[in-house]
Each structure stands twice: as structure tokens, then as C-alpha cells.
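Please look over the two chains shown here before reading on. The paragraphs below go through each chain and then the contact between them.

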Amino acid sequence: MTDLSWISSAISAARPQAMGALLRYFRDLDTAEEAFQDACLRALKNWPQNGPPRDPAAWLIFVGRNSGIDAVRKRAKQAPMPEEDQISDLEDAESDIAERLDGAHYRDDILRLLFICCHPDLPPTQQIAVALRIVSGITVKQIARAFLVGESAMEQRITRAKARIADAGVAFETPGAVERSERLAAVAAMVYLIFNEGYSTNSGEAPARAPLCEEAIRLARLLLRLFQTEPEIMGLTALLLLQHARAPARFDENGEIVLLDDQDRSLWSRKMIDEGLALVDKALRHQKPGPYQVQAAIAALHARAATPEDTDWTEIDLLYSLLERMQPSPVVTLNRAVAVAKVRGPEAALAMIEPLGERLSGYFHFFGLKGGLLMQLDRGEEARVAFDRAIALANTAAEAAHIRMHIDRLMRDGAVRPTVQKAN
Amino acid sequence: MLYAILCYASEDVVSSWSKAQDDEVMAKLLNVQEKYAKAGRLGPVARLLPTTAATTLRRVKGEAVVIDGPFAETKEQFLGFYTLECADLDEAVDFARELSEVNPSGGSYEIRPVSVFDPTRVLK
């Protein structure tokens, strides 16, 4: 293991724990980051010669702590008149190293490190960017590429977000049970955001954004190792695995999106599906259902179906109705309507989505589904109106192309009068 | 004597490998197994899903209790195993050494003689 790429993956594995401990020790994000950075440089020099340490995180924490203390001392010397309390603070810091670096805190350390990124004042994209930078150690350049913005713009965004975090102040005491579970919920939501940022993507962007999905899965697994008995964290991890398992089948050779029904299921990652299904089984035994578990259970039913026809839509309908009660949202109802259409027919599904028209008036998928249902009911003209609206709202060329295919079929079947199609 | 070669390593480390890195390790490990398989000495081999997917059953006061994960909190986790027919311990150690040479996880291989082995039941 002298190869640099293996060393860097060992460092990134140790990063959340080491950064979390250094943050607790120095109580300042910038100092912790610099200390960690310095420890990494020493690791790159030391590990190839002496072999990797048995516990890379402990090594990085120890070396990082020393280098951070040196840096704080130097800064104190450069200051013309060091404040008395600053010096005594430092000595105090050294005296309780043992307490503050206690490895038993690592669970709360990592949770805290993730939690400071979820500050409610930060917009979701900034939360994600900061988490990827601080917790995952992904370079600003890579993050900028994933978000399709310039490197300096991303650098600025992260700097501003970090300043905000520093202003907000972080609680360093060991959290109580209620606070811990609140932190965990906020962090889980952020991990899901990271995944979605990578998942809801245009075809051309998929390669740049796929690493976000992988990083989200890595963070979810990390959370699950820290909180092994939390069914919602099992659900979250399962959900991400089951969705990402389909990644190899989601785009065709031209980079166009392939819908679930049309995907080549032999391309799905069996390994990820197995792990996801195992986690769903484990979570359900707890009988403490939550939104992530329900969504994972829905994804599991898709994963278990060898062909689209084998899908258990009745069960999916039930699960969506459960999700509607837990997390009422027009989008959840819309998703449920897809299952209802399969189980009880297009008429029932249409009746279900009609009341959503106002709230989803700007939502591509609403009009796509509405048009599809109307088409099944042989109401071609109305279907055409819905499809036209869908095309106008399409987020990607692939979405628009998919709807145009339906319109073409309508015209072929003579369901609508041909009209001159507007250029898009 | 049949030996079980048990692979222990840190899941944190192994799950941080990129897919390309993981594939590379698996290909090299498979390569090591090849000649033992050809000689008819290699028995079943398994790589296990992460311990987060594991469940443990134990009896507490006479009652079976199912809990999440493996029981012990340890730095290294049990990730998989090989079974190998060996004339002596040296041969088993050689096999484990070859595996360790291509495995950058920094983990260990526990070499355990097998007491009961039933190869008659084959999965379909």
C-alpha cells in the first residue's frame, strides 16, 4: 500500500473522524482544516516510507493536533501583545488533551461535523457544497464541476457559507438524546439532498455528477455505522443504494434518459440491490416506519420485479398512501397516481390528480402523467393540450423528446388533428 | 486439513475505495485463487455485505433476541472467507500471504482449521 491513490483513499476514509476530533479540539473550523491539511501532507511523506499506520484516523488526529497547536503558538507570537487569556487557554488546551481527544466521542464528532453544514440559514446547495468540502474533502474544483459553476464562484460560495457557520457558533458539549436525534434527522436530509443533486441530472451532466451519488452513499453508510439501530438511517441508505443501482440503465448510448419501464434490468447493480434489500428487511423489523423506509420499500418493490409487469403496484399504492399521510405533498400524490393507474385504471388516477392542478401548474411531470392518462382514456385532444404544456415545462431536452414521442403516437393513431409543431 | 482463511479489515477503509479500486483488488485476489482452484484445493469463497446489513441473534435470559449489526464494536470487521485444503499450516499461511500482498486494506487474515465441513449441499 505505498501507491498514492491507496493512501489518499485511506485518508479520505479517516477524514470525517479526524476532522471531527480536530474541530472538537480547536473549536474552530479553519484551524481544524489547516491542521488536518498539514497532517495529510505529512502522511503523504511518511506513509509510503514507513507503511500506513494501523489506525490512520488516530495518526492524523495526533499529528494534526500538534501542528495546529504550533500554528496557534506562532500566531500568538506574531501578535504584538498576546492576550493573557489566550495563552492560558492554550495551556489549558494542552492539559486536557486526553479528555478532548477521547476516541469515545467520535460518533458525536462526526455528527457535529456534518451537522454544522446543515445550518438552516444556508440554502441547500451551500449546505451540500460545504459538506462535500469539509466532511468529504472533495476539492473545490470537483465540487464546482458537479454544480456546473466556475471554480472561483464556488470558492466564494464555500467561504461565505463557512463564515456563516463560524458566526452561528456550534454547540461542543456532548448532545443529549433529543438533540442527537434532531441532528441526525437534519444530517440525513442533507445526505439525501447530496444524492438528489447527483441523481436529478441532465444526460450530458451525468458523468460529472455521479460522484455526488457515490459520496452520498458513503456518508449514509458512515451514518449507519455510527447509528446501527436507527431504522430511518437504514431506510435512507437502502433508498440511495436501490436508486443508484439503476444508474447503469438510466441513460442510453446517446445519453438520453431511459424510463424505469424501458430500462434493461440486467444492467442494474445486483450488489447494491442486495445490500438495499437487506437493509429494508432489517428496518421493517423495527416496526417504526418513517418516510425514508417507506420510499426505500417502494424502491425495493421495483428492484424485486424481474420485469415491469411483475411490479407489485398494489403494494406500491399502499406504501404511497402511507407516505402521503407521513409527508403530505402533491408530488407524493402524483407518484401514487402512477400506481393507482396500474391497479385501478386511468380514470381513478385522473380523478386523483385533478385537484392537484393548481399546485402543480408549473410541474412537468404533472402534465406528462395527465396527458398519458387522458391518452389511455382515448381523450386525444385533451391529452394533446396536456402534452403541449408538459413540453413547455420540460427541464431537459430528453424530457421534451419523450413527450413528443407520445404526441407523435397520438397523431399516428389519428386521435388529434395534425397541427404545425412549434419549434422549441 | 481444511483451513478457513478469514478476512478482517476496516470497513471504513474498504468502503472508501472507488469502484475502480475495488474492482482492481477483486481481480488481483481472484488471480491469486486461480492456481489453488485449478489444483482442486479451493473450496467455497465468500465476500460478505457490510456489517451494517448484518443482524445478530443471541439468547438473553433464555429468550432469542434479534439485534442490529455484529455484537462487538471493533476497528476491523469480518468481511469474507476462503476455504482451502492444505497439507500443513505453512501452506495456509502462504495462501494468506499471497492474498495480503494484493490487498491494500491494511487488514488481516485469520487462519482457522475447519472442524465440520459439509460440501454436499449445493445452492441452486
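This is a predicted model: local features need pLDDT of at least 70, side-chain atom pairs count only at pLDDT 80 or more; totals for chains, interfaces and linings use all residues.

Residues are numbered from 1 along each chain as its sequence is written, and chains are lettered from A and ligands numbered from 1 in the order in which they are written.

Chain A has 20 helices and zero strands; helices (H or I, at least four residues) and strands (E, at least two) are DSSP runs, numbered from the N terminus. Taken along the principal axes, the box filled by the C-alpha atoms of chain A is roughly 85 × 50 × 40 Å. Of the 424 residues in chain A, 41% are buried. A residue is buried if 20 or more other C-beta atoms lie within 10 Å of its own, exposed if 12 or fewer, and partly exposed in between, with C-beta atoms placed from the backbone. Among the contacts in chain A with a separation of 6 or more, 63% are between residues 24 or more positions apart; two residues are in contact if their C-beta atoms, placed from the backbone, lie within 7 Å.

The division of chain A gives domain 1 (1–101), domain 2 (104–215), domain 3 (229–309), domain 4 (312–360) and domain 5 (362–424), with bounds that come from an automatic or database domain assignment. Between the C-alpha centres of domain 3 of chain A and domain 5 of chain A the distance is 29 Å. An unreviewed UniProt entry lists residues 13–77 of chain A as "domain: RNA polymerase sigma-70 region". UniProt positions are given in the numbering used here, feature names are shortened, and annotations may be inferred rather than shown by experiment. The span of residues 13–77 of chain A is 89% helix and 0% strand, and its end C-alpha atoms lie 35 Å apart.

S181(A) is part of helix α10 (residues 177–199) of chain A. S181(A) counts as partly exposed because it has 14 C-beta neighbours inside 10 Å. From C-alpha to C-alpha, S181(A) is 22 Å from V130(A), and the two are 51 residues apart in sequence.

Chain B contains three helices and six strands, and its elements follow the order β-α-α-β-β-β-β-α-β from the N terminus on. The C-alpha trace of chain B spans about 45 × 35 × 30 Å along its principal axes. Buried residues account for 21% of the 124 residues of chain B. Of the contacts in chain B with a separation of 6 or more, 78% come from residues 24 or more positions apart.

In what order do the four strands of the open sheet in chain B stand? The order is β2-β5-β1-β6 (chain B), with antiparallel pairing; two strands pair if DSSP finds at least two bridges between them. β2 and β6 (108–113) of chain B are at the edges with a single partner strand each, so one side of each has no neighbour in the sheet. From one strand to the next, the twist averages 20°.

Strand β2 (residues 42–47) of chain B lies largely in the open, because the number buried among its six residues is zero.

Further across the sheet, β1(B) and β5(B) run antiparallel and are joined by eight bridges, with I5(B) opposite Y82(B) in β5(B). The covered face of β1(B) holds Y3(B), I5(B), C7(B) and A9(B), and the uncovered face holds L2(B), A4(B), L6(B) and Y8(B). Strand β1 (residues 2–9) of chain B also pairs with β6(B), in the antiparallel sense and over six bridges. In β6(B), I111(B) is the bridge partner of I5(B), and R112(B) stands opposite A4(B).

The last topic is the contact between the chains. Chain A gives 21 residues to the contact and chain B gives 18 residues. On the side of chain A that touches chain B, α1 (4–26), α11 (206–226) and α13 (270–285) of chain A each supply at least two residues.

Conventions. Axes are lines fitted to C-alpha atoms, for helices over the stretch in contact, and angles run from 0 to 180 degrees between N-to-C directions.
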